[in-house]
Amino acid sequence: MTTEFFMPMKKVPTVTHQQKQVTVVKDKPVFYEPAALKAARAKLMAHLGQHKPERPYHRPVRLIVKWCFPITGKRQDGEYKATRPDIDNSQKLLFDCMTDLGFWKDDALVVSLIAEKFWARLPGIYVRIEEV
């Protein structure tokens, strides 16, 4: 089974899962998502929901993700983006959204990950899931 799609977005989310906040209520820490993280999660959920496979993956998968950010300055289409957000932090929010939507039983099934960041004329996120 293979799932492949591109989600065009004028503004690719740059907020990461690492940006959760903590407060203290009755002497106990309580973690929460700030508004920007909630908005990024909602955007990803809306876009990903259109591409949910008919049945979830139950076998190990390779996930290929290409983050395509809008070109700024003197950047070229297809040039690698070596600035924030950090690619590893971006993956966590994407994985969580895909798990919540039922792309797979658990993101532990992702045994191979190829993730890249680019500057692009057409911004968005390319995703390919393939059983291995």
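This is a predicted model: local features need pLDDT of at least 70, side-chain atom pairs count only at pLDDT 80 or more; totals for chains, interfaces and linings use all residues.
Me: What percentage of the residues is buried?
Reply: The protein chain has 132 residues, and buried residues make up 41% of them.

Me: Turning to the elements, how many helices and strands are there, and how do they run?
Reply: There are 2 helices and 6 strands in the protein chain. Read from the N terminus, the order is β-β-β-α-β-α-β-β.

Me: Which residues touch the most other members of the largest nonpolar core?
Reply: They are L48, L63, M98, W104, I125 and I129, in a core of 29 residues. At least two residues of this core come from each of β1, α1 (35–49), β4 (61–70), α2 (87–101), β5 (110–120) and β6.

Me: Which element gives the most to this core?
Reply: That is α2, which gives 6 residues. As a general point, nonpolar side chains in soluble globular proteins tend to be buried together.

Me: You listed I125. What is it in contact with, leaving aside neighbours within four places in sequence?
Reply: I125 is in contact with F5, F6, M7, M9, V12, L44, V65, K66 and W67.

Me: What share of the contacts joins residues at least 24 apart in sequence?
Reply: Among contacts between residues at least 6 apart in sequence, 85% join residues at least 24 apart.

Me: New topic: charges. How many positive and negative side chains are there?
Reply: The protein chain has 22 positive and 15 negative side chains. The centres of the two sets lie 4 Å apart.

Me: How many salt bridges does the structure hold?
Reply: It holds 9 salt bridges. One of them joins the side chains of E4 and R128, at 3.3 Å from N to O. E4 belongs to strand β1 (residues 2–8) and R128 to strand β6 (residues 124–131), so this pair ties together parts that are 124 residues apart in sequence.

Me: Are those two buried or partly exposed?
Reply: E4 is partly exposed, with a relative accessible area of 47%. R128 is also partly exposed, at 23%.

Me: What about the salt bridge between E130 and R128?
Reply: The side chains of E130 and R128 meet at 2.5 Å, N to O. E130 is buried, with a relative accessible area of 15%. Salt bridges that share partners join E4, R62, R128 and E130 into one network.

Me: Which residue does R75 meet in a salt bridge?
Reply: The side chain of R75 meets that of E79, with 3.7 Å from N to O. R75 is partly exposed, at a relative accessible area of 34%, and E79 is partly exposed as well, at 28%.

Me: One more residue, please. Where is T72?
Reply: T72 is in the loop between β4 and α2. Its relative accessibility is 43%, so T72 counts as partly exposed.

Me: And how far is T72 from R121, in sequence and in space?
Reply: T72 and R121 are 49 residues apart in sequence. In space, their C-alpha atoms are 9.8 Å apart.

Technical notes. Residues are numbered from 1 along each chain as its sequence is written. Side-chain values use heavy atoms; hydrogens and water are left out. A salt bridge is a side-chain nitrogen of Lys or Arg within 4 Å of a carboxyl oxygen of Asp or Glu. Helices (H or I, at least four residues) and strands (E, at least two) are DSSP runs, numbered from the N terminus. Buried means under 20% relative accessible area, exposed over 50%, partly exposed in between (1.4 Å probe, protein chains only). Contact means heavy atoms within 4.5 Å. Lys and Arg count as positive and Asp and Glu as negative; His and the chain ends are not counted. The place of a charge is taken as NZ of Lys, CZ of Arg, CG of Asp or CD of Glu. A nonpolar core is a set of buried Ala, Val, Leu, Ile, Met, Phe, Trp, Tyr and Cys residues joined through side-chain atoms within 4.5 Å.
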